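Subject: Structure handover

Hi,

Here is the structure I said I'd pass on.

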Amino acid sequence: MPQVGFGVFQVPDAETTRAVSLALEAGYRSVDTAAVYGNEAGVGRALADAGLPRDEVFVTSKLWVDAMARDVVRPALERSLELLGLDHLDLYLIHWPAPGRGRYVEAWEGLVAAREAGLVREIGVSNFQPAHLDAIVEATGVTPVVNQVELHPALQQRELRAAHAARGIVTEAWSPLAQGAVLDDAAIARVAAAHGVTAAQVVLRWHLQQGTVVIPKSVTPARIAANLDLFGFELADDEMAAIDALDRDGRTGPHPDRFDG
């Protein structure tokens, strides 16, 4: 799985094909979508137009909360595959635990079965808390390879990242730029000026140096390219520490313990 992928959250299906095509042309080889985004077909068109070998592009999609019953998981996955024009996914995630619905354990059992059937290469989760992770592992003996969570300088999720490390789970950041909310911070601006890069590039580089997978989203060609151009500079320890110091309760999305879709 590439450490930098291309996200399509909130991109309308009609615009998704162009955005993903630009990303693939820029060199991205990982695309992250979801059933609830309503743009899997747009991603599929871009993949088909690109004509890249299937094993060169890492494709992720997600199971929405209305399809968490064990016998609904496979039909939902097959619908995503149909829209994407693929015979398998590289990674399939449970989008939210939705604890009030009480179905995330059986949804995980459905993902395990889908992996055994060859419909997905790997399975993971999104927005799971440590207690949710413990419940699915206890029930199945299968640990998710990835937990995709809101993570950025204003919400650093240190305890959750430590829980991932203890379980061998990769941390993947959605909203790695806090939807732009951290880009005007003075500390980030100083680091960007020192390296001659953008504030977004600084934040994404901060993620990479922590070992986090990121999936920034943009529909602007220059930003799509810049968000992948992260390997020509490195943040010093004091620069990393300055960004570490920005941690606060800066959540931009719902809390996983209270969100049921």
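Below is what came out of going through the model, grouped by region.

First, the housekeeping. This is a predicted model, with local features needing pLDDT of at least 70 and side-chain atom pairs counting only at pLDDT 80 or more, while totals for chains, interfaces and linings use all residues. Residues are numbered from 1 along each chain as its sequence is written, and side-chain values use heavy atoms, with hydrogens and water left out.

Strand 3 runs parallel to strand 2 (residues 30-32), with three bridges between them; strands pair if DSSP finds at least two bridges. Thr60 is the bridge partner of Asp32. Strand 3 also runs parallel to strand 4 (residues 89-94), this time with four bridges, and there Ser61 stands opposite Tyr92. From strand 3 the chain crosses through helix 3 (residues 70-84) to strand 4 in a right-handed β-α-β crossover. Right-handed here means that, with the strands pointing away from the viewer, the path from the first strand over the helix to the second runs clockwise. Strand 2, helix 2 (residues 40-50) and strand 3 make a right-handed β-α-β unit too.

On helix 2, the buried residues include Val43, Ala46 and Leu47. The buried residues of this helix pack against helix 1 (13-26), strand 2, strand 3 and helix 3. Just after helix 2, Gly51 has a positive phi of about 65°.

Is Ala76 buried or partly exposed? Ala76 is partly exposed, because its relative accessible area is 21%. Beyond its neighbours within four places in sequence, Ala76 is in contact (heavy atoms within 4.5 Å) with Leu63, Ala67 and Tyr92.

Next, the core. The largest nonpolar core has 78 residues, and Leu89 and Trp108 touch the most other members. Helix 8 (residues 199-209) gives the most to this core, with seven residues. A nonpolar core here is a set of buried Ala, Val, Leu, Ile, Met, Phe, Trp, Tyr and Cys residues joined through side-chain atoms within 4.5 Å. Again leaving aside neighbours within four places, the contacts of Leu89 include Val59, Leu77, Leu81 and Leu119.

Last, the aromatics. Rings of Phe, Tyr and Trp (its six-membered ring) pair if their centres lie within 6.5 Å, with planes under 30 degrees apart counted as stacked, over 60 as edge-to-face and the rest as tilted. By that rule there are six aromatic pairs. Trp96 and Trp174 form an edge-to-face pair, 6.4 Å centre to centre with 65° between the planes. Trp96 lies in the loop between strand 4 and helix 4 (104-116) and Trp174 in strand 7 (residues 170-174), so the pair ties together parts that are 78 residues apart in sequence. Both Trp96 and Trp174 are buried. Tyr104 and Phe128 are edge-to-face as well, at 5.6 Å and 85°. Tyr104 is buried at 13% relative accessible area, and Phe128 is buried at 0%. Ring pairs also link Trp64, Trp96, Trp174 and Phe259 into a cluster.

Cheers

Technical notes. Helices (H or I, at least four residues) and strands (E, at least two) are DSSP runs, numbered from the N terminus. Buried means under 20% relative accessible area, exposed over 50%, partly exposed in between (1.4 Å probe, protein chains only).
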